[in-house]
Amino acid sequence: MENKLLFQPGKIGNAHLKNRLVLPAMGSGFAEANGDAGDKIIRYYEERARGGCGLIITEICRVDDEHGVGMPNQMALTKLHHVYALENLVEAVHKHGSKVFVQLHHPGRQTKSYMMDGRDVVAPSAIPCQVTQEMPRALTTEECKGLVKKFVTAAKYAQMAGADGVELHAAHGYLLNQFLSLHTNKRTDEYGGSFEKRLRFITEIILGIKSVCPGFPISVRLSADEFVEGGNHLPEVVEIAKALEKLGVDSLNISCGTYESGLTIIEPYSIPEGWKGNLARTIKQAVSIPVIAVNNIKRPAVAEKMLEEGVCDFIASARGQLVDAEFGNKAFEGRDEDIRKCIGCLYCFKEIGALHRLKCAINPRLGRENIYQDLNPCGEGRKVVVIGGGPAGMEAAITLADRKYAVTLYEKREALGGALTMASMANHKDLIREYRDYLIRQVEKRDIEVVLNHEATLEEIQAQEPYAVFLAHGGQPMVFPIPGSEAMDTLVWDRILREGIKPEKKKILVIGGGVTGLEVAELLSEEGLGNQVKVVEMKGEVADSVYPSVKYKLVEALTKNQVDILVNKKLVAMEAGQAEIEDVKTGDKTKLDCDLVVYATGVRGQTDLVDEYNKHFNRVFACGDINKAGSILEATGQAYESAMALV
């Protein structure tokens, strides 16, 4: 066991924890519509408990049905029937030796009235959030007192259900955070003004819980720095932490940011692990109670280092355990290389932001643990051919091998990886490279016949008489015919990524402002190459398919590299040394000096190939971009579903 500190037992209040690994709260949308913990969310948490997590903190749990809805299908503790449902969840987690804290939550101004059937959004003061952009109504003094009672009642319900403690969500710009911060609390009654008055709301909640639930552990989640002008920063939060300790709080869970500084809460792949360790360390040095902290942790070694350096007492890793429910067990056994690590794409948050249930780009079972409860290993050695060694092909091959099929995997290039290899060539894509290498290792560890440097033909596959064929060839880069293109030097994006081509001292137009186009533009605009790069996008914005934080970091890098981004524009003609661009709204045309045009206009499916295979085989499954252009989520999801559907 290499991660020794991570697997030392710990204690929060009277809750004894088997290790230092915590699953912090993250909204899932897996609860029932009435707020009950149903089979879907129970199975989700149970898998993380079985996977070695010491403490599970549930997703945001609603305490107020009238003005406190934070998301669809959100857990609630507002009615007695919620207690019975939560008891089932608690028992499922306890079965595996893990403990459960229920996170009590009210969104305050960070929600929408349509989430509450048109009822008011409420907050300490009538100050709108710049993200949700809805004017809240200031709570009356009596309403504040009523909400205190609702928090206390929810805590009592959690205790009745057998939970091991509660966590008050006073971070990320939600209601309790709003009362604590001068940025959002401009009240003049007993709940605003001085430091003590801004603490009164959470103080009354804590004292109320301690009164009706004596000995019941209370954790408080805090944003150590809001990273907004006029908000709480680390020195103020240190004083809040010390005040909470005096009130008898049993632990502090340290994060940072609000919706208005969301990049600091939800880090994309370009932000390193452990970047905010100083926030938790500073608070830990100021208090004697245990400190839990998130630090963008993806690797057990980084978690261990955080503990060694005294950053915190408990490691909170949400996305790490969403991607791999066995994170804890694998880390305990020293099998770090077998952990499927988060790639930082933030597809999970993109789905939640769209009011969908939580999904993961590279863990197709997430949220479907109740559907795919076992592998059903019924293959009996029947032969299956998988064509294409990218993410879809490898995911299919691994799943099929685990189901006891005899798998042959064909890849026309010299190594497995496919689109992942190209994606890993962009800047800050080490996590994509690690994911590719993880899949390759899993293929190698199974009895899968891998044939490289060979493009399998239909006739060749027919001769093998396979039980089923999985097509995961990927898509074909799209290049649209443009008048005059023969007079211009052109490249397709995949050659830049796959072959590492980097022209120098050129005026370059990158056609296509999706993620691939922006990443290619970043590579071509690197300092030292001497290129002048412009991105041309037909839509009104670039990278509209990814989470805003990912887009923000990409655009930030291009701005630093002095790349011009032209939206609502399309390439209509070329001639020697010039490209003609048309405004899609006005029809106005402009000529730009240009030495090289790079096509980054996406890929198209190969449905004709799928149709041809369907003529010759009874069981054909097409996965990923061969169907149509999509994300890693579509590729891995389709591959897993298809491999599980084969019987």
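Student: Which residue in strand 25 is the bridge partner of Glu 582?
Tutor: Lys 589 in strand 25 is the bridge partner of Glu 582. The model is predicted: local features need pLDDT of at least 70, side-chain atom pairs count only at pLDDT 80 or more, and totals for chains, interfaces and linings use all residues. Residues are numbered from 1 along each chain as its sequence is written, and side-chain values use heavy atoms, without hydrogens and water.

Student: What makes strand 24 and strand 25 a pair?
Tutor: Pairing takes at least two DSSP bridges, and strand 24 (residues 578-583) has five to strand 25, running antiparallel. Strands (E, at least two residues) and helices (H or I, at least four) are DSSP runs, numbered from the N terminus.

Student: Why are strand 23 and strand 25 said to stand at the edges?
Tutor: The open antiparallel sheet has the order 23-24-25. Strand 23 (569-575) and strand 25 (589-593) each have a single partner strand, so one side of each lacks a neighbour in the sheet.

Student: How do you know that the buried residues of helix 8 line one face?
Tutor: Gly 277, Leu 279, Ala 280 and Ile 283 are the buried residues of helix 8 (residues 277-286), buried being under 20% relative accessible area with a 1.4 Å probe, protein chains only. Down the helix axis they fall within an arc of 160 degrees, so they line one face; the arc is taken from axis-to-C-beta directions.

Student: What do the buried residues of helix 8 pack against?
Tutor: They pack against helix 7 (234-246), strand 11 (251-255) and strand 12 (291-294), with contact meaning heavy atoms within 4.5 Å.

Key. Buried < 20%, exposed > 50% of the residue type's maximum accessible area, 1.4 Å probe, protein only.
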